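I opened this entry to keep track of what I looked up, one topic at a time. The notes below follow the order of my reading.

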Number of protein chains: 2
Amino acid sequence: MIPNHQEFYRGRRVLVTGGLGFIGSNLARALATLDADVLLVDSLIPDYGGNLFNLAGFESRLRVNVADVRQQSTMDYLVRDREVIFNLAGQVSHIDSMRDPATDLDINCRAQLTLLEACRRHNPETKVVYAGTRQVYGKPATLPVDETHLVRPTDINGINKAAGEYYHLVYDNVFGVRACSLRLTNVYGPRQLIRHNRQGFIGWFIRLAVEGKEIQIYGDGSQLRDFVFVDDVVDAFLRAGATDAVNGDVFNVGGMEPISHRDLVELLIGTAGSGSVRYVEWPAEKKAIDIGSFYSDSTKFHNAAGWRPEVNLRDGLRRTIEYYREHLSKYLEIGS
Amino acid sequence: MIPNHQEFYRGRRVLVTGGLGFIGSNLARALATLDADVLLVDSLIPDYGGNLFNLAGFESRLRVNVADVRQQSTMDYLVRDREVIFNLAGQVSHIDSMRDPATDLDINCRAQLTLLEACRRHNPETKVVYAGTRQVYGKPATLPVDETHLVRPTDINGINKAAGEYYHLVYDNVFGVRACSLRLTNVYGPRQLIRHNRQGFIGWFIRLAVEGKEIQIYGDGSQLRDFVFVDDVVDAFLRAGATDAVNGDVFNVGGMEPISHRDLVELLIGTAGSGSVRYVEWPAEKKAIDIGSFYSDSTKFHNAAGWRPEVNLRDGLRRTIEYYREHLSKYLEIGS
């Protein structure tokens, strides 16, 4: 049975790594609302997505510790009394990973080992939920993609995220540190980094629509993707953290219906009432790591944790657009 | 068509990383015999398997450069004029990887990126053949295991070797550095490290038989494995280096018939005429990462490169035992 995950978190001591980032901050706000005892750790590395404004209105209910998850002694201390750890710290830009693979390795692999070693040595009773990615599948052999699909990443970031995920499974299996991974599809919503376009296209497109600018689609825009609203992803993390049925395993967390880039942009521009679209040639560096159509099957996670996406794309885009209309300047400043 | 890989290597400028190790040194000797221009790089890290005696008789035909493959500037220089790179440098102990995951990460991930970046920047025309491992599959879901089996490593070493392999495929696909990976099963033969038992059991069992000592089998010894003689593995590398049909892909390199641990040890003791066997309980740290029976299907590599194993286990063990009988002391010294 799925425990009542809202009851579960009352007074629960929780750590969120990457807690000032897009998903981490939304999760932290939800945890605070559930009266959890929430500690956030974030390195605030410029350009990565950590943004103190993401906690606006919740500053008094969330503790923030600025630190780098690669720091073993720091993490040894921070994990000590935490009952659930949501592990979302990471370098998420595919493009950056191809330009500087060593840094991506450091953050997406070494830092994961650092956290897991801290748990193993100082808090083996904790539970870790890792933010994995659908990128580990690479170019799909079949659609929709479920968890039996081969792992075959097409870029360095996908490889290192796969390794980070596997570490969690090994620490669960060998050292008894309960852990699982959620392989997230394209996530969108308030509090996403939109200052540059190196962390995926959806946030960038939303910014361009809000600013009334031109959105460029590579190729004919026929490739399909599934999108999941950040509140649904937060719910997925809360469920995964609260049930032991997911331990030692990986789960897709995908969207409702797949949609083409073309239709997505049309819906986005229509919802925003601003922005325009232009079709352009693929840039070589992006084409080389493009995977064509992708959408995932989340049945396994539904069966294990009762999760399904609840927010449709139209509503999610509307809420996201409203958020950025109100707070756009907070997401354009250096460091945001 | 499969090129004549013996002709292919005459005068060919070749680099072997981990060239003083078990497979690397056997490969280097074969390349010298084929009149290739061979440069070996090896860090000679104690306990890892590099042993200068492995080149005995070939010292004048092989150039050795002692260096660490993690050193970017060194690798930038060494790869410059090499037409084929056999990339065998690695940390190969599962047990060590669980005790010290950060070092395993450094050698099996960072060093691979270092080599590939060197190629991308300074010799993009080269061809890289990576020594992968059947460990990336973890505990088999079906037997025999072919390349469509999920990658799901059960230890840190397997995870990092998987990442190292994926890097090669991405550099092939994205940056045009031709590369492939051979997923080696249990390899045995002359020049293997046998000074300690942390690099797999087959070399250790052979040493014990040669020394007339007791061999311990964990559990009932019913689990199956396939074994491949090092000369067959050398042939696999030579073929992979000489054909472009393997670029950007992964291939199992497995043995002939699977055999149980029990029957293996019986054959080993019978062939050696020395040694004894005792069945003991599984040690916890080994049981946690044991995968049960495993044997691989090498049909894909046969189809791509014409390879199949030629040396049966009886002959291979006999040749290995003879080698260590003659040279045992060279493999028991500190540093060997």
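This is a predicted model: local features need pLDDT of at least 70, side-chain atom pairs count only at pLDDT 80 or more; totals for chains, interfaces and linings use all residues.

I then looked up the partners of β4(B). Strand β1 of chain B, residues 13-17, pairs with β4(B) in the parallel sense, over four bridges. Within this pairing I noted B:V14, whose bridge partner in β4(B) is B:V84. Strand β5 of chain B, residues 127-133, is also joined to β4(B) by four bridges, and these two strands run parallel. Here I found B:I85 opposite B:V128 of β5(B).

**Entry 1: the whole sheet.** Which strands make up the sheet, and in what order? I read seven strands in chain B, in the order β3-β2-β1-β4-β5-β6-β11, forming an open sheet with parallel pairing. The edges are β3 (63-66) and β11 (250-253) of chain B; each has a single partner strand, so one side of each is left without a neighbour in the sheet. From one strand to the next, the twist averages 20°.

I checked the pairing at β3(B). Strand β2 of chain B, residues 37-42, runs parallel to β3(B) and is joined to it by four bridges. In this pair B:V41 stands opposite B:N65 of β3(B).

**Entry 2: helices on the sheet.** I looked up two helices of chain B next. Helix α2 (residues 22-33) of chain B lies across β1, β2, β4 and β5 of that chain, and runs at about 165° to β2(B). Helix α8 (residues 230-242) of chain B packs on the sheet as well, touching β4, β5, β6 (178-184) and β11 of chain B. The direction of α8(B) makes about 160° with that of β6(B). I noted that β4(B) and β5(B) are listed for α2(B) and again for α8(B).

**Entry 3: one residue in chain A.** I picked A:S260, which lies in strand β12 (residues 259-260) of chain A. I count 16 C-beta neighbours inside 10 Å, and A:S260 is therefore classed as partly exposed. What does A:S260 contact beyond its neighbours within four places in sequence? I found A:G221, A:S222, A:Q223 and A:L224. A:S222 is 38 residues away along the chain, yet its C-alpha atom is separated from that of A:S260 by 5.2 Å.

**Entry 4: the two chains together.** Contacts between the chains involve 24 residues of chain A and 24 residues of chain B. On the side of chain A that touches chain B, the elements giving two or more residues are α5 (101-122) and α6 (156-175) of chain A. α6(A) gives the most, with nine residues. By class I have 18 nonpolar, four polar and two charged residues on that side.

Last, I looked up how the copies are related. Chain A is superposed on chain B by a rotation of 180° with 0.0 Å of shift along its axis, at an RMSD of 0.0 Å. The two copies are thus related as by a two-fold rotation axis. In chain A, A:L150 has the C-alpha nearest the axis, 2.7 Å from it. Both copies use the same surface, with 100% of the contact residues of chain A recurring in chain B.

Terms used. Residues are numbered from 1 along each chain as its sequence is written. Chains are lettered from A and ligands numbered from 1 in the order in which they are written. Copies are superposed by least squares on the C-alpha atoms of residues with pLDDT of at least 70 in both. Two residues are in contact if their C-beta atoms, placed from the backbone, lie within 7 Å. Two strands pair if DSSP finds at least two bridges between them. Axes are lines fitted to C-alpha atoms, for helices over the stretch in contact, and angles run from 0 to 180 degrees between N-to-C directions. A residue is buried if 20 or more other C-beta atoms lie within 10 Å of its own, exposed if 12 or fewer, and partly exposed in between; C-beta atoms are placed from the backbone. Ala, Val, Leu, Ile, Met, Phe, Trp, Tyr, Cys and Pro count as nonpolar, Asp, Glu, Lys and Arg as charged, and the others, Gly among them, as polar.
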